Amino acid sequence: MTIRPILIHPDPRLKKVAAPVEQITPELRQLGEDMLETMYDAPGIGLAAPQVGVLKRVIVMDCVKDPEEEPQPMILFNPEITWASEDLATYEEGCLSIPEQYAEITRPAEVRARWIAPDGSAREEHFTGLWATCVQHEIDHLDGKLFIDYLGPLKRQMITRKMAKLKREKARA
Ligand code: K1U
Ligand code: ZN
């Protein structure tokens with residue numbers, strides 16, 4: 001397994017709509033495994049393929065934060081929201097492509113999502129709590145949307161400028 005570099009906003013690849021996966025090949029299964037390793041290493045609770053520069057509809061998640069609990073790694077191909085609750089929930093979200101920036105984002109509190117598992121089987125599950133927030137955040141990445149796109153233009157611009165500066169400093173180092 002390989003830890004892949006995570007793209008930092010602003011990057012045009014983070015604004016593109018990712019293409020559906022046509023067939024689950026060994027390379028795509030490897031991508032999923034690499035993404036999980038990259039996510040755990042970061043550390044984070046989710047990661048979408050565009051964040052590692054691959055414009056395919058693949059996400060990974062594990063929202064079990066307690067180290068005493070059994071990890072629940074998930075690899076989802078072509079994930080789609082099939083139902084969203086009218087109830088909303090607000091979480092302080094972060095993003096591995098926007099390091100050290102956090103904002104309260106309101107989304108449906110519960111969702112159902114369907115996807116294809118690495119073994120090719122079709123899955124559908126009801127997500128609540130942090131899992132519901134995370135699956136929506138990751139599917140947004142596949143549609144070229146970042147959590148800062150839910151903020152007002154001033155806050156979004158401020159964060160984008162900070163990130164551009166951070167990238168310039170990193171490039172010089
Ligand atoms: O997609 C990403 O950029 C990953 C992101 C997912 C996410 C976080 C919060 C709400 C919704 C989606 C992260 O994992 S940011 C890091 C993070 O949340 C975390 C890091 C260490 C321990 C626990 C959480
Ligand atoms: Zn993110």
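Where is Pro43 found? Pro43 is found in the loop between H1 and strand E1 (46-48). Helices (H or I, at least four residues) and strands (E, at least two) are DSSP runs, numbered from the N terminus.

Before we go on, some ground rules. This is a predicted model, in which local features need pLDDT of at least 70, side-chain atom pairs count only at pLDDT 80 or more, and totals for chains, interfaces and linings use all residues. Residues are numbered from 1 along each chain as its sequence is written, chains are lettered from A and ligands numbered from 1 in the order in which they are written, and side-chain values use heavy atoms, with hydrogens and water left out.

Let us look at ligand 1. Around ligand 1 there are 14 residues, of which Ile45, Gly46, Gln51, Leu96 and Glu138 come nearest; a residue is near a molecule if one of its heavy atoms lies within 4 Å of it. The shell around ligand 1 divides into four nonpolar, seven polar and three charged residues. Here Ala, Val, Leu, Ile, Met, Phe, Trp, Tyr, Cys and Pro count as nonpolar, Asp, Glu, Lys and Arg as charged, and the others, Gly among them, as polar. Helix H2 (residues 129-142) gives the largest share of that shell, four residues.

The table lists polar contacts, pairs of N or O atoms within 3.5 Å.

| Residue | Atom of the residue | Distance to an oxygen atom of ligand 1 |
|---|---|---|
| Leu96 | backbone N or O | 2.7 Å |
| Glu138 | polar side-chain atom | 2.7 Å |
| His141 | polar side-chain atom | 3.4 Å |

On its own, ligand 1 has 540 Å² of accessible area, and the protein covers 81% of it; such areas come from the Shrake-Rupley method with a 1.4 Å probe.

His137 and His141 both lie in helix H2, four residues apart, or about one turn of the helix.

Most residues other than glycine have a negative phi, and most peptide bonds are trans. Yet a cis peptide bond joins Ala42 and Pro43, with omega about -5°. Another cis peptide bond joins His9 and Pro10, with omega about 0°, and Pro10 is found in the segment before helix H1 (26-41).

Asn78, in strand E3 (residues 74-84), has a positive phi of about 50° although it is not a glycine.

How values were computed. A polar contact is a pair of N or O atoms within 3.5 Å; within protein, one must be able to donate a hydrogen and the other to accept it, and residues adjacent in sequence count only if both atoms are side-chain atoms.
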